[in-house]
Amino acid sequence: MDALDVTVRILAVLVAFLLLPLLVGQTEHKVMAHMQGRVGPMYAGGFHGWAQLVADGVKFAQKEDIVPDGADRRVFQLAPALALIPYLLVLVAIPVAPGGGVAQALDAGIFFVLAVMGVGILGSLMGGWASANKFSLLGGLRTAAQLMAYELPMLLAAASVAMAAGTLSLPGILGVWEWWWLPWQLVGAVVFFTAGLAELQRPPFDAPIADSEIIFGAYTEYTGLRFALFLLAEYAGIVVLSALTAVLFLGGWHGPAADGLGWLWMLLKTGLLAFGVIWLRVSYPRLREDQIQRLAWTALVPLALFQIALTGVVKVVM
Amino acid sequence: MSHAHPGRSEGAHFAGAPAERPGSKRGVFGSGLAKGLAVTLRTMTRRSVTEHYPDVQPELPPRSRGVIGLFEENCTVCMLCARECPDWCIYIDSHKETVPPAAPGGRERSRNVLDRFAIDFALCMYCGICIEVCPFDALFWSPEFEYAETDIRELTHERDKLREWMWTVPEPAPLDEAAEEAKELAAARKAADKAAQAAGTDMLAAHREQPAQETAEAPGTTERNGTTEPSETTRRNEATEPKPKRRPGQDAQGGGTE
């Protein structure tokens, strides 16, 4: 692996990291609008508001960067970076095409990916604690509670796939993937995706943000670019979650003509899942804090354990 | 769930209620969730209901209360509108003129001449009482609504502007086939017949003297009837004033939508 190769791979990851979240964001604008009988942005960029997020970015960049008086300055300023960068790191380990179509193949890929994704949540916790604002603190605490509850079923569901494949490496999992894993790991897929949604604090699990009750949770005191970074982190999180779900449960680049078009299959599956994220947001109301906890402990954890048992049984029988 | 918190029985009951519902009444578990997804997906495939207003003119119903137009040829300065207006937003100035006798030996007549007719649309509450109360059909609703100003004082619109809005007043809905002839048409025909009977060489001059209310016509009806037209309306048709730029509802279709 020479320097040029590394540079190209890093650049590709960076471009994907900067482009895909914007694409998801624009899709959300449009899909959400049409699901509500509206048309969404129509003017920015001229054609159906394609440049709306660019305009938003310009607007955010122009705004004053404010740090509240009582805030823990360094922590407050560092939080958006900590929320965003982990998703960039995760993208490095996600395989997009067969035969080395991954920026960096890691032997313990699942561990790396899930651990780093968990770090991203720390950004919200830091912001919530350092803002010196009661709404931020409430949001931060809710984030913490949600992280505690949903990290477990997410890990269990991922562990089920690792058991089935007999490897922790993401390219390795895709290497042994078969189509009948779809029904076999279906329960795990649902658990993983749902728990991922909750970790991203996406509706209907957006109680930590809940603008109608606690302003904007941990992000209440943020303005300008730092606020934009938090938003970007949310959409980068959608991309990463969708890509991970596609790799672990939907077979990633597997599909007809996978040798040439593997990356397209991967993108397609990721895109469909991202659409699902948006769809769920539009369709369901926000869960209450106690409902969120109940769903995690009484539904998702038992389901994940059931999936692991099922995986184990099938593995032993075969 | 509800048994776990005997102390907060009411709240706990509330929290426990939704969990029991799906199995007992609403059929299969999760069917409500699926229905929710179906609704949003179906809405997405349908056409959006958004009005693309600045790009596409809205299709307004013909009786829209957009602005009040003044057909000043019909106004006799009777002041009824100004007096009935609940918030006194109509300003009328006039003076009296003496008209020479129509026939030699007759006596002079006096009539009111309108000097100023203005409506302050910052005060107007669009109740339409002035239009209802006008006995001479001089005031009309127009669906035109794009007359916002940057200064509230500029919302007092004078007679020329009000007269211009008359061109945007839509044609009244056609009468039923079997309906009686409209009163305005009957009056106009009667006047025309009378004039024809007189058959005097000075017919036109005689007409000019007739009070406006006899020949009053709702705008737009003149094109449809073939009777001899009273001078008032003839003047109106030949007027060089600009045609209405746009009639709401005509060009409000297609384009710009998704």
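A:Leu168 sits in the loop that links α5 (134-165) to α6 (170-175) of chain A, where helices (H or I, at least four residues) and strands (E, at least two) are DSSP runs numbered from the N terminus. This is a predicted model, in which local features need pLDDT of at least 70 and side-chain atom pairs count only at pLDDT 80 or more, while totals for chains, interfaces and linings use all residues. Residues are numbered from 1 along each chain as its sequence is written, and chains are lettered from A and ligands numbered from 1 in the order in which they are written.

Is A:Leu168 buried, exposed or partly exposed? With 19 other C-beta atoms within 10 Å, A:Leu168 is partly exposed; a residue is buried if 20 or more other C-beta atoms lie within 10 Å of its own, exposed if 12 or fewer, and partly exposed in between, with C-beta atoms placed from the backbone. Apart from neighbours within four places in sequence, A:Leu168 is in contact with A:Asp107, A:Ala108, A:Gly109, A:Ile110, A:Phe111 and A:Ala162. Here, contact means that the C-beta atoms of two residues, placed from the backbone, lie within 7 Å. From A:Leu168 to A:Lys63 there are 105 residues in sequence and 44 Å in space, C-alpha to C-alpha.

Turning to chain B, the count is 8 helices and 5 strands, arranged along the sequence as α-α-β-α-β-β-α-β-β-α-α-α-α. Of its 258 residues, 15% are buried. Among contacts in chain B with a separation of 6 or more, 72% come from residues 24 or more positions apart.

Which strands of chain B form an open sheet? The order is β2-β3-β5, with antiparallel pairing; two strands pair if DSSP finds at least two bridges between them. Because β2 (90-99) and β5 (156-157) of chain B each have a single partner strand, they stand at the edges, and one side of each is left without a neighbour in the sheet. Strand β3 (residues 109-120) of chain B is joined to β5(B) by 2 bridges, and B:Asp120 has B:Thr156 as its bridge partner in β5(B).

The two chains also meet through helices. The axes of α11 (residues 258-283) of chain A and α2 (residues 31-45) of chain B come within 9 Å and cross at roughly 105°. These axes are lines fitted to C-alpha atoms, for helices over the stretch in contact, and angles run from 0 to 180 degrees between N-to-C directions. The helices α11(A) and α2(B) are therefore roughly perpendicular, a label for angles of 65 to 115 degrees. A:Trp279, A:Val282 and A:Ser283 of α11(A) make the contact with B:Gly36, B:Leu37 and B:Thr40 of α2(B).

Methods: Angles under 35 degrees count as roughly parallel, over 145 as roughly antiparallel, 65 to 115 as roughly perpendicular and the rest as oblique.
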